[in-house]
Amino acid sequence: MKSNSEIERDVREELKWDPDLDAEDIAVSVKDGVVTLAGFTHSYTDRMEAELAVKRVAGVHAVANDIEVRLPAIDQRPDPDIARDAVAALKSELPISHDKIKIVVKSGWITLEGAAEWQYQKTAAESAVRKVKGVKGVTNVITVKPKVQPTDIQRKIQEAFKRNAEVDANRITVEANGGEVILKGTVRSWIEREEAERVAWSAPGITHVEDRIVVSP
């Protein structure tokens, strides 16, 4: 098992390794495998990219992202301009279902509200507005309300795990009650944990996924 100092070293190296990330002003601390990121970035995209980089490091159990977004003066924009571009990005990403999602912008921070039939639509909406110039953060409170009723959810998710090359199906158990699913077990990395959760959300009729999977390299 890696020590906190070894994890911290690897995290710093991973942040430097990412060619799309300016990590010069990001501070890293580690305790019991939990990584805390502090400092600031010049874009929201960099803030999220830093979090993704940390999750790729072996030995990381959780991430607390306390990075502040400090936009350069040239990138700062009025909320109405951000809102218009966010709406356009949403229409482009979800041309059929975008009208069910509402966008609220305050001081550069976007809040997504409304309902989606599938989890991927909720995820895609957030991904689309993150890229809008001037955005400092995104809060996604879109609710998932599927039209399809869940049937044999547990079996379908377990079969999907077995098909997935990135997930060890033998180490994960699935408990299902209607459209609500609980995932338990252990995985080798944070990325594998997120992939298991993504697979579970992909099942038709899912309304909630409680991820209790433990990262144990």
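**Exercise 1. In which loop is Ser107 found?**

Before we start: this is a predicted model, where local features need pLDDT of at least 70, side-chain atom pairs count only at pLDDT 80 or more, and totals for chains, interfaces and linings use all residues. Residues are numbered from 1 along each chain as its sequence is written, and side-chain values use heavy atoms, with hydrogens and water left out.

*Solution.* 
- Step 1: Ser107 sits in the loop between S5 and strand S6 (109-116). Strands here are DSSP runs (E, at least two residues) and helices are DSSP runs too (H or I, at least four), numbered from the N terminus.
- Step 2: check its cover. With a relative accessible area of 53%, Ser107 is exposed. The cut-offs are under 20% for buried, over 50% for exposed and partly exposed in between, using a 1.4 Å probe and protein chains only.
- Step 3: look at the backbone. Ser107 is not a glycine, yet its phi is positive, near 55 degrees.
- Step 4: find its partners. Skip the neighbours within four places in sequence, and Ser107 is in contact with Asp79 and Lys136; contact means heavy atoms within 4.5 Å.
- Step 5: Arg77 is 30 residues from Ser107 in sequence, and their C-alpha atoms are 9.1 Å apart in space.

**Exercise 2. Is Ser97 buried or exposed, and which side chain does it join in a polar contact?**

*Solution.* 
- Step 1: locate Ser97 in the loop between helix H3 (79-93) and strand S5 (101-106).
- Step 2: its relative accessible area is 12%, so Ser97 is buried.
- Step 3: its side chain makes a polar contact of 3.4 Å with the side chain of Gln121. Such a contact is a pair of N or O atoms within 3.5 Å; within protein, one must be able to donate a hydrogen and the other to accept it, and residues adjacent in sequence count only if both atoms are side-chain atoms.

**Exercise 3. Now zoom out to the whole protein.**

*Solution.* 
- Step 1: count the elements, and you get six helices and 12 strands.
- Step 2: the radius of gyration is 19 Å, close to the 17 Å from the globule rule for 217 residues, so the protein is as compact as a globular protein of that length. The radius is taken over C-alpha atoms, and the rule is 2.2 Å times the number of residues to the power 0.38.
- Step 3: buried residues make up 40% of the 217.
- Step 4: of the contacts with a separation of 6 or more, 65% come from residues 24 or more positions apart.
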